[in-house]
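Here is a short briefing on one protein chain. Look through the sequence and the 3D view before reading on.

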Amino acid sequence: MFDDLRDLYQEVIFDHNRNPRNFHVMQDADRKVEGFNPLCGDRLTLFLKMDGDKITDASFQGSGCAISTASVSLMTEIIKGKTEAEAEDLFSKFHEMTTGKSKEINLEAIGKLAVLAGVREYPARVKCATLAWHTLDAAIKNEQDSISTE
Ligand code: ZN
């Protein structure tokens, strides 16, 4: 990765950590799932508003490290307006990127989420970045009220 690109990516992560987007409780949420990453202590509650299989709104509450906060902030922005299938597809692309299974980053498919590609160099941080998405996965499948990455 080029240094200036890396700097840009870090800037986006800092920005989302300082100023998390969609950081509020959603009173009329259709789905609410709590996620916990015991390795780092990241905790979040994800709220979704649904219209059929479409995610019309997303928000979160919680506290965690910069990576987990930036990841869930970016995720709540990107999944609005997506169908459940589109969100699951993004999750699998994001998971491949952060675990290094796919070396190439498809910027068109993954957009801003590419800023978190750097975590693959730090295996201990991968769960910080994927916690939001595992929580989303549980919310979409509507089968659990809380998930843990362990
Ligand atoms: Zn963390």
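Which residue just after α2 takes a positive phi? G81 does, at about 90 degrees.

This is a predicted model, in which local features need pLDDT of at least 70, side-chain atom pairs count only at pLDDT 80 or more, and totals for chains, interfaces and linings use all residues. Residues are numbered from 1 along each chain as its sequence is written, and side-chain values use heavy atoms, with hydrogens and water left out.

**Zinc site**

- The zinc ion has the protein donors C40 (SG), D42 (OD), D42 (OD), C65 (SG) and C128 (SG). They lie 2.2 to 2.6 Å from the zinc ion.
- Donors are N, O and S atoms within 2.8 Å of the metal (3.2 Å for Na, K and Ca); water is not among the atoms, so sites may look incomplete.
- Along the chain, the donors of the zinc ion follow the spacing C-x1-D-x22-C-x62-C.
- D42 lies in strand β2 (residues 42-51), while C65 sits in the loop between β3 (54-63) and α2 (66-79), so this pair ties together parts that are 23 residues apart in sequence.
- Helices (H or I, at least four residues) and strands (E, at least two) are DSSP runs, numbered from the N terminus.
- D42 is buried, with a relative accessible area of 1%. C65 counts as buried too, at 15%.
- Buried means under 20% relative accessible area, exposed over 50%, and partly exposed in between (1.4 Å probe, protein chains only).

**Strands and hairpins**

- Strand β1 (residues 31-37) runs antiparallel to β2, and seven bridges join them. Two strands pair if DSSP finds at least two bridges between them.
- R31 stands opposite L48 in β2.
- β1 and β2 form a hairpin with four residues between them. In that turn, G41 has a positive phi of about 95 degrees.
- β2 also runs antiparallel to β3, joined by nine bridges. Here R43 stands opposite S63 in β3.
- The hairpin of β2 and β3 has two residues between the strands. G52 in this turn has a positive phi of about 65 degrees.
- β2 is mostly covered, with seven of its 10 residues buried.

**Helix α2**

- α2 is mostly covered: 12 of its 14 residues are buried. Among them are I67, A70, V72, L74 and I78.
- The 14 residues of α2 should span 20 Å at 1.5 Å a residue, and its end C-alpha atoms are 20 Å apart, which agrees. The expected span is 1.5 Å times one less than the number of residues.
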